[in-house]
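Please read the points below alongside the model.

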Amino acid sequence: MGNEAERWWSKDTVAVVTGANKGIGLAIVRRLAKEGITVVLTARDTTRGKEALESLKSQGLHNVKFHPLDVASPESILALAEWLHKTYGGIDILINNAGISSLHKDMTFENVKPVLDTNYFGVKNVTKALLPLFHDDTPGGARVVVVASTLGQLKHLESKDYVKTLSDREHLTEDFVDSFANHYLKDVANGSQKEGVWPIWSDWVNSRYGRSAEDYTVSKVAAIAYVNALHNILVAQPGKEKKINVFSCCPGYVDTDINGNTGVKTCEEGADTPRVKTPEEGADTPVWLALHSPEGGSGKFWTERKVIEF
Ligand SMILES: NC(=O)c1ccc[n+]([C@@H]2O[C@H](COP(=O)([O-])OP(=O)(O)OC[C@H]3O[C@@H](n4cnc5c(N)ncnc54)[C@H](OP(=O)(O)O)[C@@H]3O)[C@@H](O)[C@H]2O)c1
């Protein structure tokens, strides 16, 4: 990947990947490990995580370590942060990949809460806990990548007020993103999701997922917006002595467990033939962002190595 002149990374570069025991996360770990980077493969289940680690070792990749991480657990996040500090002193790359959907489930609070806790609050809490650990001498700056989805684009939200505030990039704040996510959770708890506020269901979403993509969409809107809000915080820091780039992206439509290994168009919406990617192909943009950190790209939403509309 890239030419030799761009290779700023080495075995001393430390990358952390969440939800990495399978799917796109495992493919991301493999790609980074093949680049010679020290990669911390994290997974919420130790057995599944260690099996993934062994599969990489059997492919000759010995520069991967395992540590448990449940992104929905503050205790687990804290334990990872302490271990990273003790073991490596600091890190260079964080890829927030862990995600869930409530595919084909009812929109009850019990089903919806874990989706928001993982896909939005988990991303935010892991990132905030690891921010102090970023090295201040990573060439080009440290990198945070959030694997979101084009289902989180604002075109899927019905509320004109939310669309207006969430697309006001320069003024977007973490508090506002929190209030957006919590408003949705409150409406679900009360059974009062109003029409005209939450996602619009265009036919292509309805035909495959029905309402079960609603919470996923809200969680990914929040994840993309958080990246924008975090970028605003980072550039406003006095001194800016520690540069941290932060990107959100969509991997494309990838054949994994999260979508029941089905095939529809998402990132390639409008294409004549739906094309389902392999996890390795889905890993391309997240890995490319982590390694190449395109100038001027921080805070933005990417797919296929290009900036796209939030
Ligand atoms: N596949 C696609 O077409 C597609 C499209 C757009 C975006 N994405 C995004 O890509 C990311 C990776 O998904 P995938 O397609 O590779 O699906 P996947 O194969 O289902 O992998 C999801 C990973 O996240 C982990 N995870 C779930 N909850 C977690 C938690 N609380 N703490 C830590 N790890 C957790 C899962 O662990 P377990 O094995 O323990 O469940 C699994 O390792 C997700 O953020 C997803 O939303 C995927």
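1. Helix 1 contributes the most to the shell around the ligand, with 3 residues; helices here are DSSP runs of H or I with at least four residues, and strands are E runs of at least two, numbered from the N terminus. This is a predicted model, in which local features need pLDDT of at least 70, side-chain atom pairs count only at pLDDT 80 or more, and totals for chains, interfaces and linings use all residues. Residues are numbered from 1 along each chain as its sequence is written.

2. The ligand is surrounded by 31 residues, and the closest are Gly-19, Gly-23, Gly-99, Thr-256 and Ile-258 (near means a C-beta atom, placed from the backbone, within 6 Å). Two or more shell residues come from helix 1 (23-34) and from helix 4 (109-130).

3. Helix 3 (residues 74-88) packs with helix 4 at an angle of about 30°, the axes being 10 Å apart; axes are lines fitted to C-alpha atoms, for helices over the stretch in contact, and angles run from 0 to 180 degrees between N-to-C directions. Helix 3 is therefore roughly parallel to helix 4 (angles under 35 degrees count as such).

4. The sheet is open, with 8 strands in the order 3-2-1-4-5-6-7-8 and mixed pairing; two strands pair if DSSP finds at least two bridges between them. Strand 3 (64-68) and strand 8 (306-308) are the edge strands, each pairing on one side only.

5. Strand 1 (residues 14-17) and strand 4 (residues 93-96) run parallel, joined by 3 bridges. Opposite Val-17 stands Ile-95 in strand 4.

Notes
Parallel < 35°, antiparallel > 145°, perpendicular 65-115°, else oblique.
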